[in-house]
Amino acid sequence: MNDFTLRQVEYFLAVLDHGSVSAAAKACRVSQATVSAALGQLEKRLGVTLLARGPARSARPTSEGREFAFHARAILATVTEAVESIGDVATLQGNLRIGCIPTAAPRIFPGVAAAFSREYPALDISFHEAAPVECQRRVLDGEIDIAVMYLRQLQFAGLQKHELMAVQSHAVIAADHPLAGQAELDLRALRNDSFILLDSPPTADLVVAQMRTLGLEPQVRWLIPDAETIRSMVAMGLGVSIANAVPHPTTRSFHGLPVNYVPLINPEVSNTIIAVTRAETRMSKKLTTALSTLRATAEETNPLGWHAGHQVQP
């Protein structure tokens with residue numbers, strides 16, 4: 001068997017995660033020479049080239065590097081879990097990579113970052129924002145440990161879903177829209193409005209399919225990839241939208257215009273915010289702690305809490 005060290009594996013994975021030897025060295029708090037030497041020794045031990053160097057000193061895995069990385073992450077996870085098993089959860093350390101879809105990231109990432117910084121300062125957390133399909137692929141490839149999205153967006157086999165909380169979809173309408181003062185809405189009341197939907201596959205297709213189950217053929221005016229841009233366009237009266245992530249009611253558009261989020265009563269558009277992990281991954285203390293923190297953060301940002309005057313803990 002070819003001998004190599006866990007430190008060499010750690011540096012190799014750091015290069016993959018950060019894109020270059022220099023960025024990996026900075027993240028690992030060692031010199032570039034140390035990382036380069038470790039990579040050279042690792043490739044020599046294995047007898048293969050793991051990294052292809054590119055322009056601007058970037059580095060990408062070769063086919064052998066991708067295969068080795070897949071198993072190497074499992075090796076490090078197992079070692080970390082073994083260390084955690086003889087310690088207290090408060091001593092969690094190592095790396096934790098959390099992914100999230102862009103529409104939910106403002107809701108999830110700040111609270112999770114604050115909680116882990118306060119409770120588990122030795123844990124090195126990285127956040128990765130990506131579209132639903134990309135989040136799922138990266139979890140399956142072992143590039144991130146856990147990802148947050150909506151249940152209806154789940155498409156890939158091989159993932160274990162963990163429910164965080166049920167969510168109620170809301171109509172997003174301008175403050176001067178005729179229905180802005182309603183306490184709740186039937187989606188069919190917006191049949192004559194133009195819709196501005198999120199261009200983040202499969203989100204728009206799902207929304208259109210849900211509306212068709214209600215006998216509606218939505219007038220989709222634009223597909224926009226950024227929720228903040230959609231909010232600004234809705235505030236100007238350019239259309240209406242649908243959202244699962246509802247900001248604090250004092251939130252305004254980029255231009256300072258008010259936007260109304262009105263709960264939809266249609267069960268056809270209800271959803272659940274979930275976290276996903278690889279199905280075959282054993283739930284370590286690190287992952288179970290991450291799940292409990294994600295659930296607490298989701299609950300703290302529940303729109304019902306906004307209306308009750310609840311404030312998220314700093």
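# Questions about a predicted model

Modeller: Happy to walk you through this one. The chain averages a pLDDT (the predictor's confidence in each residue, from 0 to 100) of 88, and 92% of the residues score at least 70. Over residues 308–314 the pLDDT is below 50, and this stretch has nine contacts (heavy atoms within 4.5 Å) beyond near neighbours in sequence. This is a predicted model, where local features need pLDDT of at least 70 and side-chain atom pairs count only at pLDDT 80 or more, while totals for chains, interfaces and linings use all residues. Residues are numbered from 1 along each chain as its sequence is written, and side-chain values use heavy atoms, with hydrogens and water left out.

Colleague: Thanks! How many helices and strands does the chain have?

Modeller: Helices (H or I, at least four residues) and strands (E, at least two) are DSSP runs, numbered from the N terminus. The C-alpha trace spans about 70 × 40 × 35 Å along its principal axes. On that naming, the chain has 10 helices and 12 strands.

Colleague: What distance separates the centres of domain 1 and domain 3?

Modeller: The bounds come from an automatic or database domain assignment. They give domain 1 (6–62), domain 2 (88–166 + 271–303) and domain 3 (170–268). Taken over C-alpha atoms, the centres of domain 1 and domain 3 are separated by 46 Å.

Colleague: What share of the 314 residues counts as buried?

Modeller: Buried means under 20% relative accessible area, exposed over 50%, and partly exposed in between, with a 1.4 Å probe and protein chains only. Of the 314 residues, the share that counts as buried is 44%.

Colleague: Let's start in domain 1. Is A24 buried or exposed?

Modeller: A24 lies in helix α2. Leaving out residues up to four places away in sequence, A24 touches Y11, A14, V15 and H18. Its relative accessibility is 0%, so A24 counts as buried.

Colleague: How far apart in space are V15 and I75, C-alpha to C-alpha?

Modeller: V15 is also a residue of helix α1, and it is buried at 0% relative accessible area. Not counting residues up to four places away, V15 touches S20, V21, A24, V35, L39, L51 and A59. I75 is 60 residues away in sequence, and the two C-alpha atoms are apart by 17 Å.

Colleague: Which two residues does a cis peptide bond join?

Modeller: Look in the loop between β8 and α7, where P202 is found. The omega there is about 5°, and the cis bond joins P201 and P202.

Colleague: Now the pocket. What is the volume of the second largest pocket?

Modeller: On a 1 Å grid over the protein atoms alone, a pocket is an open set of points where a 1.4 Å probe fits, with protein on both sides within 12 Å along at least five of seven lines; lining residues have an atom within 4 Å of a point. Grid points are joined across faces, edges and corners, and a volume is the space filled by probe spheres set on the points. For the second largest pocket that comes to about 830 Å³.

Colleague: Which element gives the largest share of its lining?

Modeller: The lining has 41 residues, with T103, A227, A243, N244 and A245 nearest the centre. Elements giving two or more residues are α5 (105–119), β8 (194–198), α7 (203–213), α8 (227–235) and β10 (241–243). The largest share, five residues, comes from α7.

Colleague: Between which domains does the second largest pocket lie?

Modeller: Two domains both give residues to its lining, so the pocket lies between domain 2 and domain 3.

Colleague: Last one: is V167 buried or exposed?

Modeller: V167 is in strand β6 (residues 159–167). Not counting residues up to four places away, V167 touches R107, Y150, N244, S270, N271, T272 and I273. Its relative accessible area is 8%, so V167 is buried.
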